[in-house]
Amino acid sequence: MKLSVSNLNSHYGPAHILFDIGLEVGEGEVVALLGRNGAGKSTTFRSIVGLVALRDGQIMFEGKDISTAPTHEIVRAGLGYVPEERRIFTDLTVEENLEVGRQKPRPGAPQWTREKLYKLFPNLGEMKNRPGGRMSGGEQQMLTIARTLMGNPSLVLLDEPSEGLSPKIVEQMVDAILTMKKEGVSLVVSEQNLHFAKLISDRAYIIERGRICFAGTMAELDARPDIRDAHLSI
Amino acid sequence: MAFYFVQFLTGLASAASLFLVASGLSIIFGVTRIVNFAHGAFYMLGAYVAFSLTERLSGPLGFWGGIVVAALAVAVIGVLVEIVLLRRIYHAPELFQLLGTFGLTLMVEDLVVLIWGPDDLVGRRAPGFKGAVDFFGQNIPSYDLFLIAMGPIVLGVLWLLFQRTRWGILVRAATQDRDMVAALGVNQKWLFTSVFAVGVFLAALGGALQIPRDAVHHAMDLRIIVEVFVVVVIGGLGSILGAFVAAVLVSELNAFGILIFPTISLILVFLVMAVVLVVRPWGLFGRKEAPARRTPGLTVIPWRPLSSVERLASLVALAFAAMLPFIAGNYALTVGAEIAIFVIFAASLHFLMAVGGLASFGHAAYFGLGAYGVAFLAKLAGLPMIACLLLGPLLGAAGAAVFGAFAVQLSGVYFAMLTLAFAQIVWSIAFQWVAVTGGDNGILGLWPEKWAASPSHFYWLALGVSAVVVSVLRLVTFSPFGYALRGMRDSPLRSESIGINGKRIQWTAFIIAGTTAGIGGALFAYLKGSVFPDNMGISLSVDALVMVLLGGVETVPGAIFGAIVYKALNIWLVSQTDWSKLVLGIFIVLIVVVFPKGIVGVVESVMHRRRAVAPKAAALAAKMEGAQ
């Protein structure tokens, strides 16, 4: 198992947000974490990478227990994280943003270089010296993903990559995610957009009110329109 | 003409050191969000260590090597400070780090006297730069020319460091979003430590380079830190280029102010700073800060009015305090009266800072204005004491009304700096307007009338006023006005969207705080029998901050305990030891590390945890403590 999370509970101050979350990601798998706004998708990711201070439960990554490790160690172990709000360094250029994400190559994980990433996201290659603050939303989304890949992760948590993007850019995102998968990166992608998730994922979890309420393959989810209607439709 | 040109060059030469220190402060603030009060102390240490090294090492290599080694050695001290002290308090309430670094400053001030003695030390002249260059009959020390070149060189090196190295890119990224940098695998701890080391190195280098120019003495830290704050604020926090331009501006203002406006030379710089902040609140090269990612309310135990038992307990405590004249002598009563006065002063700042969320660095201005108000009324108008006590604080109110109107337009560190500038302006007026204020000689002979003259009577007067003031401030805190004020503190946007006129509320709070500080000052004038410019000086403003933070800024009664503990300890230490600053500094640093929520804050969270009956809630509370 690449990543296995069990009994994850998280709190923001006195508020209990996640309840006994469990999920697993296999080697090279793309797993979707589906759920509505506020269901707990982002908190799950933030908890896994250690950005939520009050968390307990067991998080195993490549056989190592990372449930109490500090964020930078988790990331350096090869677990990349792309936040939902993108959080580009707006004062830094595209090249500099990528530099912040750069880590040493990691044996057993696919290796990324600037050139390779400019091939994956050609738009970025055309604006190497542009400050992050002067890029469109779609370009920023590409940059956050590229920035995380510079760390040569073997697994990436990708938080709502299609949110607020034009259909054309969403198509590019699908291609990029499939390329990452082909290179051997395992992915957990949080989504509200079931259509998008279907294009990229092998399996899916559905989260609602901080609890996992469905786990199965995409085909199994397709066979259960009742679940889809109960937990995903608006 | 040549004379003015030489004066201009002298200004440029002074700008070099100022720029070095200011850029260090700015870099540290940008990444760690710590306003490093000890930056002046590191500057001073740099000068002292460089003095010793250059005395012992001979030859040009010894001199220049000594300067660089001194700066490196102080940077190592800075690293130790960061690891041992600051790492523990990054997550403490805002400005708490200021208290910690202030404690350090106190320690260093006494330590340098212990090590190097109290006398001014005159350092070696720089080899190769001993002479002067003749310029149309005017002499320019060649060392000044060297310093003039140093400024742009350091600016260039820093620019390269930040633009061209991975470290610089990481620092710039962390300045914007620290958590995201960690989420990309960067170890923040060491990034912070290295940033602190570079900042301290620059400060120490600035100090070391001053030794051929100025005597080294043990008060040089406070003088530079105030100027550096001004530079950083004018230039824009976090901007190195801004620090350079502002350092030149400030140094030239100092150089020419003396020539052109000798009567207002001291306030010129602060006037410019106030104008800059009003016109461009984020400094010349600064940028508006993104709202801090802070969720207030998580760390704070909700405030509530006193229960009837607690009210009774307060009354009993007050009654006990009122019995002091029956058991203590005159000296203790005078000390008691002074403490009561400082309770008023601290409570007024606490009201502005904790309830209003507006941390003023120049609160002594209103304390001092109240004192001068009394002095004017008693000496010039000859009014009786009661009238003076009632009307004197109005001068504090008037000052707060004028300055507050500008200050509340800003928030956070910029608010703090603007209030500091205003306080310096008021101080400078008191200092330089000799005809009215007596300047440095102050106004003497302000003795209480007969009914309040005996130490016990004056003590009761001070205690009574202080009890009334504290109660009124508490009532206001729990009034609808207080709720609106706290709303503005926690979420300005939401408060304004429900129809609260936020700036007006904050302005009113500023005036309330200024008036109550003035009441304290009015009593203080009678206690001491005199007023001096120092009654509104920076060190008094800092004292008030320390009292509030020490007591616990997130608690309601914190200021009272902070004032009592700090003032009593201060007075006692001064009478017991020659090294009171050292002991007090150690005490403050320990408090900061052990009780990061202040004295009352710690007591409250212990009691709060006891009250939480369910073991699960207690476990969670304990975990929250740990997580912070």
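Student: Which residues are buried in H27(B)?

Tutor: In H27(B), Lys581(B), Leu584(B), Gly585(B), Ile588(B), Val589(B), Ile591(B) and Val592(B) are buried. Buried means that 20 or more other C-beta atoms lie within 10 Å of the residue's own, exposed means 12 or fewer, and partly exposed is in between, with C-beta atoms placed from the backbone. A word on the source: this is a predicted model, where local features need pLDDT of at least 70 and side-chain atom pairs count only at pLDDT 80 or more, while totals for chains, interfaces and linings use all residues. Residues are numbered from 1 along each chain as its sequence is written, and chains are lettered from A and ligands numbered from 1 in the order in which they are written.

Student: Why is Ile260(B) called exposed?

Tutor: Ile260(B) has 12 other C-beta atoms within 10 Å, and the exposed class takes 12 or fewer, so Ile260(B) is exposed. This residue is found in helix H10 (residues 240-260) of chain B.

Student: How do you know what span to expect for H27(B)?

Tutor: The expected span is 1.5 Å times one less than the number of residues. H27(B), residues 580-594, has 15 residues and reaches 21 Å from its first C-alpha to its last, close to the 21 Å expected. Helices here are DSSP runs of H or I with at least four residues, strands are runs of E with at least two, and both are numbered from the N terminus.

Student: What makes E4(A) and E5(A) a pair?

Tutor: Two strands pair if DSSP finds at least two bridges between them. E4(A) and E5(A) have two bridges, in the antiparallel sense, so they meet that definition. Phe61(A) stands opposite Lys64(A) in E5(A), and in this hairpin, with two residues between the strands, Glu62(A) takes a positive phi near 50°.

Student: Why are E6 and E10 of chain A called edge strands?

Tutor: They belong to an open sheet of six strands in the order E6-E7-E8-E3-E9-E10 (chain A), with mixed pairing. E6 (79-82) and E10 (211-217) of chain A each pair on one side only. For E10(A), six bridges join it to E9 (residues 203-208) of chain A, running antiparallel.
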